[in-house]
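Dear colleague,

I am handing over the structure below, together with notes on what was found in it. Please read the notes with the coordinates open beside you.

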Amino acid sequence: QVQLVESGGGLVQAGGSLRLSCAASGRTFSGYVMGWFRQAPGKEREFVAKISRSGGATYSGNSVKGRFTISRDNAKNTVYLQMNSLEPEDTAVYYCAARLNFYGPDGTWDYWGQGTQVTVSS
């Protein structure tokens, strides 16, 4: 049982940067693979990035490679998403998720946060 709370969303101009945080409850945070997803109004949920339990392996979606970086601090029970060179197309609600395995379909994430809004203006 994992509880996730996202923070750090807001309004930013195109070309700017933003860092999202996801705080997890409990003492077993290091046992979970963590991921970020996003969903814009009227659009399907989209995979953004994931990170292994130790933080030694990451994988990002094609739409954000080279711009977004996922990281984690197990001592703080927190996973981050550093977003650079933001574009209006990045506007969406961003969700944090957790599961036991690094590999698997996007539909197999077990726990989800409430989401945080990111709005990028032109």
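The structure holds six aromatic pairs, where rings of Phe, Tyr and Trp (for Trp the six-membered ring) count as a pair if their centres lie within 6.5 Å, with planes under 30 degrees apart called stacked, over 60 edge-to-face and the rest tilted. This is a predicted model, in which local features need pLDDT of at least 70 and side-chain atom pairs count only at pLDDT 80 or more, while totals for chains, interfaces and linings use all residues. Residues are numbered from 1 along each chain as its sequence is written, and side-chain values use heavy atoms, with hydrogens and water left out.

Tyr 32 counts as buried because its relative accessibility is 12%, the limits being under 20% relative accessible area for buried, over 50% for exposed and partly exposed in between, with a 1.4 Å probe and protein chains only. Phe 37 and Phe 47 form another edge-to-face pair, at 5.6 Å centre to centre and 70° between the planes. Phe 37 lies in strand 4 and Phe 47 in strand 5, so this pair ties together parts that are ten residues apart in sequence, and both residues are buried. Together with Tyr 59, Trp 109 and Trp 112, these two Phe residues form one aromatic cluster.

Charged groups also meet the rings: the charged end of Arg 99 sits over the ring of Trp 109, 4.2 Å from its centre, and that of Arg 72 sits over the ring of Phe 29 at 4.4 Å from the centre. The criterion is that NZ of Lys or CZ of Arg is within 6 Å of the ring centre and within 35 degrees of the ring normal.

As for the sheets, four strands form an open sheet in the order 1-3-8-7 with antiparallel pairing, two strands being paired if DSSP finds at least two bridges between them. Its edge strands are strand 1 (4-7) and strand 7, each of which pairs on one side only. Strand 3 and strand 8 pair over six bridges, with Val 79 as the bridge partner of Cys 22, whereas strand 1 and strand 3 pair over four bridges, with Cys 22 as the partner of Glu 6. Strand 2 (residues 10-13) runs parallel to strand 11 and is joined to it by four bridges, Val 12 standing opposite Val 120. Strand 11 also pairs with strand 9, in the antiparallel sense and over three bridges.

Technical notes:
Helices (H or I, at least four residues) and strands (E, at least two) are DSSP runs, numbered from the N terminus.
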